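Here's a quick tour of one protein chain, written for anyone still getting used to reading structures. Keep the picture open while you go through the points.

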Amino acid sequence: MKKHINHVTVLGSGVMGTGIACHFANIGVQVLMLDIVPRELAPEDTAKGLTMESPAFRNKIAAHHLGEAMKNKPAALYDASFASRITIGNMEDDLEKIKNSDWIIEVVIERLDIKKSVFEKVDALRKPGSLVSSNTSGIPIHLMTEGRSEDFKKHFLGTHFFNPPRYLRLFEVIPTPDTDQAVVDFFVNYGELYLGKKSVLCKDTPGFIGNRVGVYSMAKISELATDLGLTVEETDLLTGPIIGRPKTGTFKLTDLVGVDVAEKVTHGLQENAPHDNMVNALKPSSSIEFLIKNNFLGNKSRKGYYTKTKGADGKDVRLALDLNTLEYREEQRPTLPAVEAAKQAGGLGKKIASLLAAKDKAGDLTRKHFAALLSYVSNRVPEISDVIYSVDDAMTTGYAWNVGPFQYWDLIGLEAGIALIESEGHSVSDWTKDMVKDGNKTFYKLEGGKKMYFDVLSKSYKAIPGQENYIVLDNLRGEKKIWENAGGQIIDLGDGIINLEFRSKMNSIGGEVLEAINYAIDLAEKEYRGLVIANNADNFSVGANLGMILMLAADGEWEDLNAAVKYFQDTTMRIRYSSIPVVSGVQGMVFGGGCEITLHSDKVVAAAESYMGLVEFGVGLLPGGGGTKELTRRAALGVLPDDVQTNRLRNAYMTIGTAKVSTSAYEAFDSGLLIREKDTVVVNKERVIVEAKKQCLAMADAGYTKPISEKVLVQGKEALGMFLVGADQMLHGHYISEHDKFISDKIAYVMTGGNLSGKQYVSEQYLLDLERQAFVELAQQRKTLERMQFMLTKGKPLRN
């Protein structure tokens with residue numbers, strides 16, 4: 001089905017409705033967001049002179065919710081200016097405007113009668129062929145279409161976003177028996193390509209997939225924690241990053257989503273899925289009952305499983321709920337030997353194996369939790385989905401698990417998982433047992449660079465569909481790896497393009513990474529057409545290896561530090577002036593040295609969720625890998641926002657001097673870290689490498705020519721004086737410290753060209769030399785050493 005979404009109406013402006021509206025605004029769609037008219041005037045309305053007929057009063061609910069969303073942290077919008085794409089209104093005066101919409105999304109209260117009433121009105125006003133969907137999290141989708149027109153039914157389904165819609169990537173698509181298949185296919189593609197989501201096709205079953213598995217898992221862990229005598233802190237530690245899940249664990253997550261919401265969806269599953277023995281075997285939670293009875297609903301009421309109070313000294317004291325006494329006590333930092341042992345075990349599979357083998361309550365929880373989880377998903381397929389990868393996709397993108405249930409099972413081992421399930425008294429589905437009988441060892445495997453999954457219905461392995469739209473380096477490294485060292489790996493992407501992937505801890509940049517960059521450029525110049533620098537990790541790079549810098553500085557190895565910085569500068573300039581196109585593909589953190597690599601690339605393909613910044617000021621330094629030079633150059637060339645060069649230079653100076661990090665790739669355009677005329681943003685981070693390869697090929701096909709280094713116009717002493725006076729005023733106003741001023745003055749000195757009497761053209765190398773000199777001088781400051789030490793040791797004192 002060929003269809004364009006240019007205008008969307010969102011019915012309901014609560015937390016989810018506003019979040020959905022903001023995300024459509026993020027991708028450039030015009031949005032109409034409607035809510036109900038308030039029932040009566042409030043005193044503040046009367047004080048403003050409003051009447052029941054005033055538009056400001058009638059649109060008050062939608063306006064209030066949009067205003068609240070604009071204050072959210074993390075931000076709901078990629079850029080605050082995108083709010084102009086949202087028009088507010090109310091369902092009495094403005095509902096007829098849905099005739100202009102290509103897609104109408106219902107996000108009203110979770111009551112079937114209200115939803116059906118809304119859809120009756122929508123059916124009468126919508127244009128034929130427009131798409132209609134519900135964002136319900138649990139009401140059966142097919143019940144909403146009773147009495148609706150045939151055209152409505154053909155174009156209606158469930159589209160379930162997860163909160164917050166900008167950040168959680170799961171997009172569940174739930175058709176009814178009447179939904180046209182072309183409409184289903186359109187939504188699956190639209191979610192991936194335009195919304196940046198992982199589209200997961202679900203059956204119209206209670207909780208769909210994400211909440212069916214996620215809610216059961218959370219409720220079961222809570223039950224096990226009480227039975228095993230674990231504290232909430234211990235449970236959150238055992239169900240957090242140590243097993244590849246968010247640091248919220250279980251009870252912090254319950255506080256986040258709302259204790260009442262957790263209780264409601266659990267009971268909803270029990271009521272709507274009477275055949276689900278495992279859900280209905282969950283025991284009532286005394287802690288949940290206590291919290292709801294006292295209106296302790298989690299973060300929204302500032303009291304749940306965790307809370308804060310003031311101590312005798314007036315400082316905040318964190319409290320946690322005792323699951324046995326149901327009384328609050330001071331929060332404790334859990335110390336579990338099994339967790340410490342698991343941390344030393346290695347990768348995620350080895351960590352889980354270590355916990356499963358532990359002979360204590362930590363091991364008991366791990367065994368019982370995974371036995372229940374694996375049994376549950378084994379028996380829910382094919383009820384909730386015909387394919388196992390949809391279950392894993394739902395949990396990794398909706399609940400932010402690093403791996404899904406069947407991927408966990410592969411880490412544990414197919415037969416070992418079955419033994420674990422049965423040892424804890426749970427059942428295993430027949431199709432899973434048949435896998436073993438037929439000689440299969442895993443749920444997933446790689447064949448010819450493609451990821452294959454075990455298909456339950458055909459009892460054979462099939463390729464996960466849609467892989468051609470992405471480049472997953474893990475799928476290629478077995479056959480396409482060309483070279484590697486401790487810092488990087490080069491993989492052949494085909495069509496004459498190679499990819500360099502950083503392989504250091506958190507992709508930090510040290511000597512091995514710089515060696516890999518230089519080798520990759522040498523190789524590409526000799527044998528290939530272009531180079532992409534990208535990875536599939538959560539973060540592109542956290543920046544330079546701070547530990548190495550600290551070690552050299554603490555030991556007074558200034559010549560070695562100078563040489564290391566020069567090697568970094570030479571490498572970024574090698575990126576800039578190579579004879580082949582170099583494209584950086586980024587997502588997540590793009591900090592410090594990682595940002596400097598992108599600044600020198602021919603083009604950057606950035607995921608919308610890219611957080612870019614030259615953050616060196618925070619540790620007492622300035623960008624020393626060419627970043628200070630490059631922002632000076634961009635200010636001089638006019639590629640930064642503003643028409644006046646001194647204003648552009650000031651903005652660049654502030655970008656470095658405040659260590660500002662963009663909250664999205666779009667904000668990075670405003671700070672000059674990305675350039676609109678050459679850099680590209682993609683909403684789906686999984687498409688970054690594909691797009692980077694495409695852009696690299698396009699430059700090669702167009703006849704790429706190595707750039708020519710041109711002189712940079714610097715402003716000299718007059719501009720330097722302006723910056724020095726400004727920093728002095730900040731110091732005397734007690735906004736910055738003496739050390740902050742010292743750093744700021746060094747940055748200004750470099751960006752204005754050093755000790756020059758007036759405006760003058762200088763070479764890039766001249767600025768790099770100033771930059772490197774200032775970097776080393778800053779590293780010699782005691783305060784800088786203390787800042788670096790603090791960052792590396794989380795507050796432990798600097799050694800003498």
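Predicted model: local features only at pLDDT ≥ 70, side-chain atom pairs only at ≥ 80, totals over all residues.

**The cavities**

- Rolling a probe the size of a water molecule over the atoms is how you find out where empty space is left.
- The largest cavity holds about 110 Å³ of space.
- Its lining is made of 13 residues, and Met218, Arg245, Gly249, Leu253 and Trp401 are the ones nearest the centre.
- Which helix gives the most to the lining of the largest cavity? That's α8 (residues 210-228), which supplies 4 residues.
- Sorted by class, the lining of the largest cavity has 6 nonpolar, 6 polar and 1 charged residues.
- The second largest cavity has about 30 Å³ of space.
- You can find the second largest cavity by looking for the residues that line it: Leu238, Thr239, Ile243, Leu365, Thr366 and His369.
- Helix α16 (residues 361-380) provides the largest share of that lining, with 3 residues.
- Here the classes come out as 3 nonpolar, 3 polar and no charged residues.

**A pocket**

- The second largest pocket contains about 400 Å³ of space.
- Of the 14 residues lining this pocket, Glu233, Leu237, Arg333, Pro334 and Lys343 lie nearest its centre.
- Two elements, α9 (232-238) and α14 (337-343), each give two or more residues to the lining of the second largest pocket.
- How many residues of this pocket's lining are charged? The answer is 8, alongside 5 nonpolar and 1 polar.

**The overall build**

- Zoom out, and you have a chain with 33 helices and 23 strands.
- The chain's radius of gyration is 28 Å, close to the 28 Å that the globule rule gives for 800 residues, so the chain is as compact as a globular protein of that length.
- Along its principal axes, the C-alpha trace spans about 80 × 70 × 70 Å.
- Out of the 800 residues, 55% count as buried.

**Strands and how they pair**

- As a reminder, strands of a sheet pair through backbone hydrogen bonds, and the pairing is either parallel or antiparallel.
- Do β17 (residues 497-502) and β18 run parallel or antiparallel to each other? They pair in the parallel sense, over 4 bridges.
- Ile497 has Gly530 as its bridge partner in β18.
- Strand β18 (residues 530-533) is covered on both faces: Gly530 and Val532 are buried on one side, and Leu531 and Ile533 are buried on the other.

**A hairpin with a positive phi**

- Strands β13 (residues 450-455) and β14 (residues 460-463) run antiparallel and are joined by 4 bridges.
- In β14, Ala463 is the bridge partner of Met452.
- The hairpin has 4 residues between its strands, and Lys459 takes a positive phi near 55 degrees there.
- Lys459 does this although it is not a glycine.
- With a relative accessible area of 45%, Lys459 is partly exposed.

- Phe208 is a residue other than glycine with a positive phi, near 55 degrees.
- You'll find Phe208 in the loop between β8 (198-201) and α8.
- Is Phe208 buried or exposed? Phe208 counts as buried because its relative accessibility is 0%.
- The peptide bond from Lys73 to Pro74 is cis, with omega near 5 degrees.
- Pro74 belongs to the loop between α4 (60-71) and β3 (86-90).
- A cis peptide bond also runs from Asn163 to Pro164, with omega near 0 degrees.
- Pro164 sits in the loop between β6 (156-161) and β7 (170-175).

Note on methods
Residues numbered from 1 in each chain as written. Heavy atoms only, no water. 1 Å grid on protein atoms, 1.4 Å probe; cavity = no way out; pocket = protein on both sides within 12 Å on 5 of 7 lines; lining within 4 Å. Points joined across faces, edges and corners; volume = space filled by probe spheres on them. Nonpolar A, V, L, I, M, F, W, Y, C, P; charged D, E, K, R; others polar. Rg over C-alpha atoms; globule rule 2.2 N^0.38 Å. Buried < 20%, exposed > 50% of the residue type's maximum accessible area, 1.4 Å probe, protein only. Pairing = 2+ DSSP bridges.
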